[in-house]
Amino acid sequence: MKMVEQTVAIIGDKWSLLIIGELVFLKSPSRFNEIMKELKAISSRTLSIKLSKLADSGIVEKTVEHASPPYTQYSLT
């Protein structure tokens, strides 16, 4: 039961589930602005917090590309 509780604590809120859903349906990996465009009602601050939480939990992989200009991509693990 503890595993279920941990899973719900990580992805049990509205935005986390919607972000995961978008990463499933968007071309992976996706940039922050691509996810933001699809989730029209989410603020950039909330998206940033939720993506960090999902990355810290190992559900989402965050890759920083050191191109010019630099950008970050997110994909499901």
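Reply: The model is a predicted one. Strand β2 covers residues 60-65, and its pairing with β3 is antiparallel, with 6 bridges between the two. Two pairs of facing residues can be followed by eye. Thr63 stands opposite Gln73 in β3, and Glu61 has Ser75 of β3 opposite to it. As a general rule, side chains in a regular strand alternate between the two faces of the sheet.

Strand β3, which comprises residues 71-76, also pairs with strand β1 (residues 30-31), again in the antiparallel sense, over 2 bridges. Here Ser30 is found opposite Tyr74 in β3. Taken together, 3 strands form an open sheet in the order β1-β3-β2, with antiparallel pairing. Because β1 and β2 stand at the edges and each has a single partner strand, one side of each is left without a neighbour in the sheet.

A surface feature involves Leu76. Together with Val24 and Phe25, Leu76 makes a nonpolar surface patch of about 320 Å². Val24 belongs to helix α2, which runs over residues 14-25.

The loop between α4 and β2 contains Ser57. Ser57 counts as partly exposed because its relative accessibility is 33%. Although Ser57 and Ile35 are 22 residues apart along the chain, their C-alpha atoms are separated by 19 Å. Just after α4, Gly58 adopts a positive phi of about 85°.

Helix α4 itself consists of 13 residues, 44-56, and spans 18 Å from its first C-alpha to its last, close to the 18 Å expected at 1.5 Å a residue. Which residues of α4 are buried? They are Leu47, Lys50, Leu51 and Leu54. These residues cover an arc of only 100° around the axis, so they lie on the same side of α4.

In general, side chains of opposite charge can pair when their charged atoms come close. A search of the whole structure finds 1 salt bridge. The side chains that meet in this salt bridge are those of Asp13 and Lys50, at 3.4 Å from N to O. Their pairing links distant parts of the chain, since Asp13 is in the loop between α1 (2-11) and α2 while Lys50 is in helix α4, 37 residues apart.

Definitions and conventions. Residues are numbered from 1 along each chain as its sequence is written. This is a predicted model: local features need pLDDT of at least 70, side-chain atom pairs count only at pLDDT 80 or more; totals for chains, interfaces and linings use all residues. Side-chain values use heavy atoms; hydrogens and water are left out. Two strands pair if DSSP finds at least two bridges between them. Helices (H or I, at least four residues) and strands (E, at least two) are DSSP runs, numbered from the N terminus. Patches are made of residues with over 30% relative accessible area and no salt bridge: like charges are joined within 9 Å, nonpolar side chains (Val, Leu, Ile, Met, Phe, Trp, Tyr) within 5 Å. Accessible areas come from the Shrake-Rupley method with a 1.4 Å probe; for residues, only the protein chains shown count as cover. A salt bridge is a side-chain nitrogen of Lys or Arg within 4 Å of a carboxyl oxygen of Asp or Glu. The expected span of a helix is 1.5 Å times one less than its number of residues. Buried means under 20% relative accessible area, exposed over 50%, partly exposed in between (1.4 Å probe, protein chains only). The arc is that of the directions from the helix axis to the C-beta atoms.
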